[in-house]
Every structure is written in C-alpha cells, then in structure tokens.
Amino acid sequence: MTRMPRDMVMTPAVWTPAYALVMLGMWWVMMVAMMVPSAAPTILLYVRVQRHHQPDSGGAPPAVAFLSGYLLAWLLFSVAATLLHALLERSGLVHGMLMWSSSRTLTGTLLLLAGAWQFTPLKHACLVQCRSPAAWLAQHWQPGALGALRMGVHHGLFCVGCCWSLMLLLFAGGVMNLVWIAGLAIIVLLEKLLPRGEWLARGSGVLLLAAGGMLVLA
C-alpha cells in the first residue's frame, strides 16, 4: 500500500469561512451531546408542567421552543469556542490535526482556570439553578411558545455559566478525544444530579488546581 507523505498527512486545514462553519457545527454537536443529558430533568419537567397548563396543546410546540432556546445558548458558546480554537491553532498552541494543546503552559492554565471557577460564587449560583428544575421553572415561567424559547435561552445561559470552563478543557485533552469528552460530560451530569453535587464540583476543582499547578510549575 502506498503511504501518503508525512507532511501531507499532518498539514492542518486552512481556516476558510467554510471550514470555520464546519468547526462551528462540530463544537455545537459536541455541546448538544454533552449538555442535553444533564438538562433532561428540566426539559422533561417543563413538558409535564406545560401539559398541565395547556392540555389541548399536547406540550409539543412549547417544548420544542424550550429545547431550541437551550440549544441556542450553547450555539452562542460554540461560536466563541470556534473563534478561540482558530486563534489558538494559528498561534501554534493547539495542534491543527489532533486538536489538543501542544503547550504545557496552555494546558496548565486551562486546568487552573477550570479549577478556580469551581469555587466562584457565580459558578455556585448557576449550579443551583441547574440543580433545582422545579424551583427554576416556578420562578422563570413564561407562557406560550415565545415564552418557552426565552426560558430555554435563559436556562441554557445558566448552564453555560456553570460549565464553560470545563468545556474549554476540551482543548487540553483533545477536541475529538471521545474518552475525554465522555469524562467531562459525566462530571457535568453528576454535578447537576447527585444529591450533593456541589461538593463534587469543589472536589474536582481541587484536583484541577493541583494538576494545573504541577504543569505550570514543572
């Protein structure tokens, strides 16, 4: 079998507008796959409450609007992540083909950032909103499909505020690393669903800070 030249195999793609759109789609699909399972309790509870308020509607149109709003919030994050991806790759800090950090300093900085965010009041406030679907729906309820869309965006932004720094760790472990993706998704899921998930957030924060510190100081 004839092998392709090494320089041809390892040449990174050029960031054309078309390629940027492909990368944006990739980031958005990853965010949907990683975040929707942890948001499922809120989405399902919304459907039940909506059917109770408007039994004739079947709950389908508002439910779709709610989910669309949630995904829109993560689309906004994906836009920012794609821009950062392009910047880091052009700076030589992220490998163009493997899509993971090629800099010990960058990896350590991302770990430190994610670890520190786990202890911030804003992280805690967003996590509380994500962990209390009934209370959140009661406080932010809006009628109709447009209201559902706004609620979905609102809830999605709370999830972004809770998890954005963990999502940036994809640059450290590999944007296409399925094991790394699954691990981060499980951490997010357990933070939101375990009875004392906030303690898991702090515990993971300690580990992230320790790992980041060792990399930066090495």
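Arg202 is placed over the face of Trp199, 5.0 Å from the ring centre; a charge sits over a ring if NZ of Lys or CZ of Arg is within 6 Å of the ring centre and within 35 degrees of the ring normal. The model is predicted, with local features requiring pLDDT of at least 70 and side-chain atom pairs counting only at pLDDT 80 or more, whereas totals for chains, interfaces and linings use all residues. Residues are numbered from 1 along each chain as its sequence is written, and side-chain values use heavy atoms, without hydrogens and water.

The structure contains 7 aromatic pairs (rings of Phe, Tyr and Trp, the last by its six-membered ring, with centres within 6.5 Å; planes under 30 degrees apart are stacked, over 60 edge-to-face and the rest tilted). The pair of Trp27 and Phe171 is tilted, because the ring centres are 5.3 Å apart and the planes lie at 50°. This pair links distant parts of the chain, with Trp27 in helix 2 and Phe171 in helix 8 (residues 170-173), 144 residues apart. Trp27 is buried at 0% relative accessibility (buried means under 20% relative accessible area, exposed over 50%, partly exposed in between, with a 1.4 Å probe and protein chains only). Phe171 is likewise buried, at 0%. In the pair of Phe66 and Trp136, the centres are 6.4 Å apart and the planes at 75°, so the arrangement is edge-to-face. Tyr46, Phe66, Trp136 and Trp141 form one aromatic cluster.

Mean pLDDT (the predictor's confidence in each residue, from 0 to 100) is 89 for the protein chain, and 91% of its residues reach 70 or more.

Terms used: Helices (H or I, at least four residues) and strands (E, at least two) are DSSP runs, numbered from the N terminus.
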